[in-house]
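Open your viewer and get ready to pick out a few places by residue number. We'll take them one stop at a time.

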Amino acid sequence: MKRALAFLLAILTLSLVNINQVNAEAFPGDILKIPMPGAPAIGLPGETIEIQPQEGVDIMELSIVSVMNGPYKLEILQKDGTIKAKIPENVVPDVYFLQVKSSKGEVIIPNGVWVLKEYPKVLRIAHVSDIHITSGTKFGYVCGEYFQRNMKKIQELCDGGIIVPLHSYIAADSAYTYWAMDDRVDVTINTGDVVDTAGDGKGYRLLLDIISHATVAGRPTIIVKGNHDDPPNYYSRLIGPTDYYIVIGKFIIIALDSHGDEAHPYMNQLGWMEKVLEDHPDKIPIVIVHHPYWYSGPQGWIGGRIEGVSAFDDEDWQEMIQYGSYYWFGRNQEHLDIARRFLQDVEKYNIKLIMSGHIHHDKLHIYVDKNGNEHWFVTLTATGAPDKEPNPPSKPSYSPTWYGSNVVEIDENGNVKLPEVEKMFGSLFNDFISLPVPQEFITFRWATDFGSAVKFINLLGEESGKFAIEIPDGAQVDASVTNITYKLLGERKIGDKTYELFEITVPKGVSQLVISKGKDTENPQIDISYLTPSKPTKGKPFKVYISVKDNLGVKDIYVEIEAKGVVTKYPAVQSSGGQAEYFMAEIPGVDADGYVIRAIAVDFYGNKATSEMTVGEIETSTISSTTETPTSSSTTSSSSTASPPETTSSTTETPTSPSTTTESGGVCGPAAIISLALLPLIVRRKKK
């Protein structure tokens, strides 16, 4: 009990330090309104872009840089209010960090400026949503196409496959990594709930790391605020404005804030949107808003086509109300008026594509007005949150889902397609209208002063493209323990971080990339910190909490339960977003009076460490796979250099990943600090 109390006090101390820490560094939103990490400036070489500083901030110098190109100084043509800055003619098309020197300090903005060679005739969008990054714990279990929130259920489904506890941060990073590699898309659009709790500053910084990696790999991102990003105190300072528009050649993207739990835009926002559209009559409009407009449709839960009606006709409008979402339609007449005006705008300005998230489920509505114009309302499942109906569903009548993302295409004539959905499923109106990314393409990153390492779990087939990673100075790829195909394209220090850009090919299966300052011969350090409950009941679920450290990074962390001569493996998940030192494994129950709990960590060089403890009384004859019968918590380890791991699947694979521990995420709601929640219970139990 003393160990558990000390463990929780350590987490609590770290949490409070991070929550109350005063950071003198300028945030992007302290200096600029736009561009921001979630809302880049866009142009061609030689064109002029707009920079909007915060009131009272004097911009003194602007430059752009990427790993492969620059730095280029932007010529400031106008400083009265909105700044007009010219992109040099000789700029190589790329996605750039924007470096700003101002009267309020200096700041580097990832994804600040996107320079294209030419504007696209077809805009290909990687759609992600509801990534719910948290500095705490938020995860579900995946095994191939299966997704469950319960370890026992995923075990029943996963017959010899790879069980992965997928943390929301890992899921978000994996999706962004995949779409940065994929040349089918031009830009990633995120339709909100980028963190699980609006006050989780570390969660937003984890997102900035993800955006930075995508920037280095040449994939821009555009983000709209969700209800979990409300109030937008951190969001506006670190990610972007709440309402804005971006022009990409023929296309105009309008981001509308749907105001937290109010769940819809306001009338004045629609007036602003109408003015923007009237000022850009030759553009193809795309609206991104977190809360979906429609809910059901002619084909039921999955949506369908709503045809031959008009929001300008009273009878038609009354007929359509039955399909509207509660968020836009369901509260009072004022909300109905907003919903009707928006749909009238969709018709009047021929808004071709409306993208949303929030409901953690795929859904498609194609609204065909009386003029025959199609307007696609595409709603995406949660890319990172586990709070959704599992696959298979919990009840036969329910609609399943998974950790998904999508490709949405729109051409210069306003024609919309979901090409990968049609290819995968053969039709558009299904339970699933998303791809299993990151469900079946997962990356786990580690970064230390000794090196950086990445573990890939790829069930989709061979995948190739650009990949970005942060490294410590002096580290190099160790080919002896790397089993992906790679080519180093460039390296550069931007701000205080050194990035490398690779062209890689990730084989199907499990593989790894290791960048280090030398051979790693050190064993990981692992310890079973405590159990909850501290004395598990026979046959009842319990949790094993583990502390883990390594000089480079841990590839596999799992728990073995040895009971009645049988060993069963359970994967462990990090207890915080990013690179964690604490992990947790859920055990669905052990049907034995006595058994051994064994926590195991294996690093990227094959060095292995084990921590063991016993529960109850164990007969010596039942211990079959260890040379000693532990009677109390002890640690044993062995060291060896290892050849690169094979890409075949094992029974379980466990995640590891980047950044420290502070707060804990709740279930699709405000995160709570685990230590704060458990500390009173432990103190109370100690008094008894």
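Predicted model: local features only at pLDDT ≥ 70, side-chain atom pairs only at ≥ 80, totals over all residues.

**Stop one: strand β37**

Select residues 582-587, which make up strand β37. Is this strand enclosed or open to the outside? Here 6 of the 6 residues are buried, so β37 is largely enclosed by the rest of the structure. In a regular strand, side chains alternate between the two faces of the sheet. Turn the view and you can follow that here: Tyr582, Met584 and Glu586 point one way from β37, while Phe583, Ala585 and Ile587 point the other way.

Which residue in β37 is the bridge partner of Gln574? Look for Phe583. Gln574 brings you to strand β36 (residues 573-574), which pairs with β37 in the antiparallel sense over 2 bridges. Next, select residues 542-549 to bring up strand β33, another antiparallel partner of β37, this time over 6 bridges. In that pairing, Lys543 stands opposite Glu586.

Jump to β1 (32-34) and β6 (75-78). They belong to an open sheet of 4 strands, in the order β1-β3-β7-β6, with antiparallel pairing. Why does one side of β1 and of β6 lack a neighbour in the sheet? Both stand at the edges with a single partner strand each, so one side of each is left without a neighbour. Look along the sheet for its twist, which averages 40 degrees from one strand to the next.

Leu32 stands opposite Pro53 in β3.

**Stop three: the disulfide**

How many disulfides does a search of the whole structure find? The count is 1. Select Cys143 and Cys158, whose sulfur atoms are 2.0 Å apart. This pair links distant parts of the chain, 15 residues apart: Cys143 sits in strand β11 (residues 139-143), and Cys158 in the loop between α3 (151-157) and β13 (164-167). The link is right-handed, with 60 degrees about the S-S bond. Both Cys143 and Cys158 are buried.

**Last stop: helix α4**

Finish with residues 168-181, helix α4. At 1.5 Å a residue, its 14 residues should span 20 Å, and the end C-alpha atoms are 20 Å apart, which agrees.

Notes. Residues numbered from 1 in each chain as written. Heavy atoms only, no water. Pairing = 2+ DSSP bridges. Axes fitted to C-alpha atoms, helices over the stretch in contact; angles between N-to-C directions. Expected span 1.5 Å × (residues − 1). Disulfide = S-S within 2.5 Å. Buried < 20%, exposed > 50% of the residue type's maximum accessible area, 1.4 Å probe, protein only.
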